[in-house]
Every structure is written in structure tokens, then in C-alpha cells.
Amino acid sequence: MSDVLWTLGLMLFAALAFTFILLPLNLNVGFAQGQLNDPSLTIQTMIDGLVSPTSLAFINDNNILFLEKEGNVRLISNSALQSEPVLQIEQVESNNERGLLGIAYDGDRVYLFVTESGAQVEGVSTVGEVRNRVYSYAWDGSSLTDPQLLLDLPATPGTNHQGGKLKVGPDNQLYVVVGEMQREGQLQNFMNGPPPDDTGVILRVNPDDGSASTNNPFVDSGEEAGRYYAYGIRNSYGFDFDPVTGKLWDAENGEDVFDEINIVEPGFNSGWKSVMGPIGTNAGVTESDLVNISGSHYADPVFSWAESRGLTDIEFLNSTAFGSKYENGIFAGDITSGTLYYFQPNADRTGMGLESDPLLIDKVADSDDELSAVTLGTGFTGISEIETGFDGNLYILTYDRENEGQGSLLKIIPSSFSEGGSSSQE
Ligand SMILES: [Ca+2]
Ligand SMILES: [Ca+2]
Ligand SMILES: [Ca+2]
């Protein structure tokens, strides 16, 4: 009998040892999603089990707000997910690509982009219709209060291609991307289509009231167009500002061919629905076939994926945390293959530094083989957001479309700072 008890005791001890010793080790260093092909960088899983995370914003070095597509704003404080949402938006319409999609913080107000059938404020004339709206909120450290409606935008007919990312630029203006929602208007380069209707655009507006920013490129082309910075955009899940030049770069995703990275100068027409990818690859189309709002210009992408992978976010690493090699470099991710891309811009930062690669000098990745030159990591299921933290490291939200949007918050750090990272690589 005592032998049996002794054995049982040993088994219990072993089980406890596994729980308290091995499990925390695994939480620290194991099971990270994704693999990087640069051993000087390591992936850490900060939080697992997130529900359809679409976007995040850093409040300060200890606090991160992120969005769940179905309508919750959640707080991560000192690396711990707080159990209660800081805001639950009612009447969110989250079908297909709609939902709570974008968040930004400018040190004063928090900005949200949401598809909804209700409204967060009184007196909105379009309540009851499904609309995309941009609000600003006050952040008091634990909740979002005082909603102000800045933009009341279309959300139909397509339930896909809503856009939704937003950001405050170095000029302190609010930039918002809105997808085409399958419309065929002048903003989608249909000469005889309906006039400008707030789809397929990047808006540049005053963050206080949503009015057109001064010096916008189309201020002389009517009230609607006065708020536009760019048009002819099929859909985008991310953009960022070059920390050196201040220029806006966007990521755009194509139907089955051509994802794009573009430098978006004021007045940019990206070409959709006449052009996707470099205009020379679209048979029979010239720039004269595009709708030319006075003050607009067409430009080819600075990089394209010949086969669409659902490119999502783009992020400049405005940080020295990864060494001079990566400082102000360009990261991008996709939703379909869960790949993390890395590009070094050229010397004058007017494009990618790919002149020395004979296969990529055409600025088009025509095959998986060609993509390998700009692939930094794989196996992230899907990437919805990339941001640089206050600590200078790179933060990634993953989003598994095949698994109800299940996701994680990952952090990429220098390997020299990781705890046990090098031993777990063997
Ligand atoms: Ca384009
Ligand atoms: Ca090529
Ligand atoms: Ca981002």
C-alpha cells in the first residue's frame, strides 16, 4: 500500500512540477507564432487567444488599446489583457470585412472607425442605415468617453473593401482610408459614373471636426472632394508616414492579381478599377483613360505582388532597437499567407532599394521565389496590424481568417534581449 501511495505522491509531484516549472517556461519562450529568417531578431508571444483583433494603438509605454472587430475596445496594461472592455459599441455591423476596424491616438483624443447601424451620438440623420463612422473619444485612463462624430461615410453595397485604418499624420491632420465597396463611380475611374461619394479614397481632415484640412489637393473641386487626399484605391488595410520624409505610403490589396505599396503624394489617383499594379501590365490602358479630378496624378506602385496575397499593413520602424540595419526600414504583412515582408528604401527614399536584384528591379514580385528576397518571416497565420511600440520594438496582431479571426499579440525584439530565446532555437 505504502508503495502505491509513494508512487501516487511522485506522480502528483511530477504533475505539479510540470505545471509550475515547465508551463511558465513554455509561456515565455515556446509556441510563438511565426518564424523569422534573421537570427538577430526573436518573436515573443505577448497575449494569445484574442478575438478578431483588427487594429491597435499605443497610449504610452505601459498601455495599448486594441480593437475586436465585433465592437469591443480592449486595454492591455503592463502586458496584461484587462478583463473588461474599455468600450463596447452597440449595433456594430461586423459582417464580412465590416466592423470596428481602425484606432488611432494623438496624445489627446482616441479615434475609431466603425461600421454600425446605430450611432454613438444623438441627432445623426443616417441612423438605421449601415454606415462607416469615425468618432473621436476622450481617454481617461480606463474608459473612452465624450464621443464626437467626425465622419459619416458609406458602407454599401459591398460588405467587403471598407478600408478602416486611420492615423494622425506628422502634420497633425487625421488620415482615414475608405475602400471602394464595389462602387463604380468617378472615384473608381468610371468617367460617366456617379460623382465623388467618399469611397475608394484616403481622407485628410481636421481631427477636431472632420472638416477638410487646409491645403488639401482637391479643395477647389467641391465639398466632397475637398476632404480627399487620394482616390482610385480599391482597398487598403494600412498606411504609415515615412519618419524621414514625412510622406504617406500605403498598402493596397488587389482582387486576384497585384497587391501594391504606393507612395501617396497629395492628389494621388491609384488607378482602380482601370488599373491594378503597374499601368504597363494592364493591356490597352493609358493614363488618359483615368478620371482626372483637377490636381490629381497617377503613379505606379513602388512595389507589387503579381499574385494577390491580401496585403494588409505597412509600418516604418522609427527606432534604433534592431540596429542601424532596420532603422526607418519598411515592414509589411498579409492576411492570406501570414508573411512578414521587409524592405529597405532606396537612398533618397523614393522607392524600394531593389536596384541590385535583377528579378526585382521591375518592382514586381512575379513568383514566390522572387518574394523570398523581401520575406523576413513566415507562419503568422494572417497579419492585421503592425506598429512600433514606445520601446522601439515591433508589435504584430495576427488574425486567422480560417479560424473566426482568432489572433495573438506578438512582439519582435532583438535576440540579445530575449529570455532564453537562443537556447530554444536549437
Ligand atoms: Ca494602383
Ligand atoms: Ca520581377
Ligand atoms: Ca499599423
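Mentor: One term comes up throughout: helices (H or I, at least four residues) and strands (E, at least two) are DSSP runs, numbered from the N terminus. With that in hand, Glu-404 is found in the loop between β28 (394–398) and β29 (406–414).

Trainee: How should I read the model itself?
Mentor: This is a predicted model, in which local features need pLDDT of at least 70, side-chain atom pairs count only at pLDDT 80 or more, and totals for chains, interfaces and linings use all residues. Residues are numbered from 1 along each chain as its sequence is written, while chains are lettered from A and ligands numbered from 1 in the order in which they are written.

Trainee: Back to Glu-404, what is its phi?
Mentor: The phi of Glu-404 is near 55 degrees, a positive value in a residue other than glycine.

Trainee: Is Glu-404 buried or exposed?
Mentor: Glu-404 counts as exposed because it has 10 C-beta neighbours inside 10 Å. The rule is that a residue is buried if 20 or more other C-beta atoms lie within 10 Å of its own, exposed if 12 or fewer, and partly exposed in between, with C-beta atoms placed from the backbone.

Trainee: And what about His-161, buried or exposed?
Mentor: His-161 has 24 C-beta neighbours inside 10 Å, so it counts as buried. Its phi is near 55 degrees, again positive in a residue other than glycine, and His-161 lies in the loop between β11 and β12.

Trainee: Which peptide bond is cis, with omega near 0 degrees?
Mentor: That is the bond from Thr-156 to Pro-157. Pro-157 lies in the loop between β11 (144–154) and β12 (163–168). A cis peptide bond also joins Trp-272 and Lys-273, with omega about 10 degrees; Lys-273 sits in the loop between β19 (268–269) and β20 (297–298).

Trainee: Changing topic, what is the strand order in the open sheet of five strands?
Mentor: The order is β1-β26-β24-β23-β22, with antiparallel pairing. Two strands pair if DSSP finds at least two bridges between them.

Trainee: Which strands stand at the edges?
Mentor: β1 (35–36) and β22 (311–316) do; each has a single partner strand, so one side of each is left without a neighbour in the sheet. Two bridges join β1 to β26 (residues 375–378), and these strands run antiparallel. Leu-36 stands opposite Gly-377 in β26.

Trainee: Lastly, how is the chain divided into domains?
Mentor: There is domain 1 (1–30) and domain 2 (36–424), with bounds from an automatic or database domain assignment. Their centres, taken over C-alpha atoms, are separated by 46 Å.
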